[in-house]
Amino acid sequence: MAPMVLALILGWWLVAASRAQQLPRPSLSLHPSQGVSLGDNVTLRCHLPLPAAWVWLHREGRWSCVKYSDKKQDTTEFSFLSASQDQAGTYLFQYQVSESGNISVMSDPVELVLTDRSLLPPHISLHPEERVGTGTNVTIRCWNKDYGAAFLLHKDGRSAPIQRLVPDDVGAISFTLFGVTPADSGTYRCSYRPKNFSFLSSPLGDSVTLEVTPTPAPPGAELVSRENLVVAVVRGCAAALIFGLGVFFVIDARSLWIRRDESLGGEGI
């Protein structure tokens, strides 16, 4: 009996998988996309590539929610009023087409991280401070006295954190930017995730500003560069002259041989 049940389950799974492959993958977005605090309103928007009858929103490891979709709409929304800690997590969704009954694959995951304003923001420091030359290694240190299982480094203008590290000793971490360039210039801040609360975040802390300047050429480098250019031009001209002379001598020698052969031929007659 057990093997038969297993075969039926496997067969159903294979059919569902083959059907899912025939449908375009949907996408999921979060609104607002960042800076959502506990108690804020937040919306998960499901983008449908095809008209769908049913939409399933899944919270990873917890629960699913199903919603009927109007065939005329290309999006379906799930909204949380006054978002709570229990609603933070990773979300995915899939849809079912009414005509065929086919079910799509899951969308890419979206994380709903809620900021807890009751947490103290972390501190930050920059070394070397402020202005550095291209190629310098820069260290940004973040710390907090009481919390911090994981620290995240944010750069203004970027929607997602640029680095995430878990400290060896609870409370402090150092982020290193190796061989910085002018593109690394900007304002940086830190946040942290409390231990055992992966989807709760502290507020962003104070900021530091990094300015990366192009490294100036060493003294005399421009003169050396000009001298190298002159040498290269002279060498090129000399090579061209030698090549031209070689071609001239070859042609001249060939013409001499031709005249000589003609002269010998005339004497023979």
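Trp54 is partly exposed, with a relative accessible area of 37% (buried means under 20%, exposed over 50% and partly exposed in between, with a 1.4 Å probe and protein chains only). This is a predicted model, in which local features need pLDDT of at least 70 and side-chain atom pairs count only at pLDDT 80 or more, while totals for chains, interfaces and linings use all residues. Residues are numbered from 1 along each chain as its sequence is written, and side-chain values use heavy atoms, leaving out hydrogens and water.

**Aromatic pairs**

- Three aromatic pairs turn up in a search of the whole structure (rings of Phe, Tyr and Trp, the last by its six-membered ring, with centres within 6.5 Å; planes under 30 degrees apart are stacked, over 60 edge-to-face and the rest tilted).
- One of them joins Trp54 and Tyr68 edge-to-face, at 5.3 Å centre to centre and 75° between the planes.
- Trp54 belongs to strand β3 and Tyr68 to strand β4 (residues 64-68), so this pair ties together parts that are 14 residues apart in sequence (strands are DSSP runs of E, at least two residues, numbered from the N terminus).
- Tyr68 is exposed, at a relative accessible area of 51%.
- Phe151 and Tyr192 form a tilted pair, with 5.9 Å centre to centre and 50° between the planes.
- That pair links distant parts of the chain, since Phe151 is in strand β12 (residues 150-155) and Tyr192 in strand β15 (residues 186-193), 41 residues apart.
- Phe151 counts as buried at 0% relative accessibility, and Tyr192 is buried with a relative accessible area of 0%.

**Surface patch**

- Trp54, Val66 and Tyr68 make a nonpolar surface patch of about 320 Å² (patch residues have over 30% relative accessible area and no salt bridge; nonpolar side chains are joined within 5 Å, like charges within 9 Å).
- Strand β3, which holds Trp54, covers residues 54-59.

**Nonpolar cores**

- The largest nonpolar core has 23 residues, of which Leu28 and Leu44 touch the most other members (a core is a set of buried Ala, Val, Leu, Ile, Met, Phe, Trp, Tyr and Cys residues joined through side-chain atoms within 4.5 Å).
- Two or more residues of this core come from each of β1 (27-31), β2 (42-47), β3, β5 (75-80), β6 (89-96) and β7 (110-112).
- Beyond its neighbours within four places in sequence, Leu28 has contacts (heavy atoms within 4.5 Å) that include Leu44, Leu57, Tyr91, Phe93 and Val110.
- Another core, of 19 residues, lies apart from it, with Leu177, Cys190, Tyr192 and Val208 among its members.

How values were computed:
Accessible areas come from the Shrake-Rupley method with a 1.4 Å probe; for residues, only the protein chains shown count as cover. A salt bridge is a side-chain nitrogen of Lys or Arg within 4 Å of a carboxyl oxygen of Asp or Glu. Helices (H or I, at least four residues) and strands (E, at least two) are DSSP runs, numbered from the N terminus.
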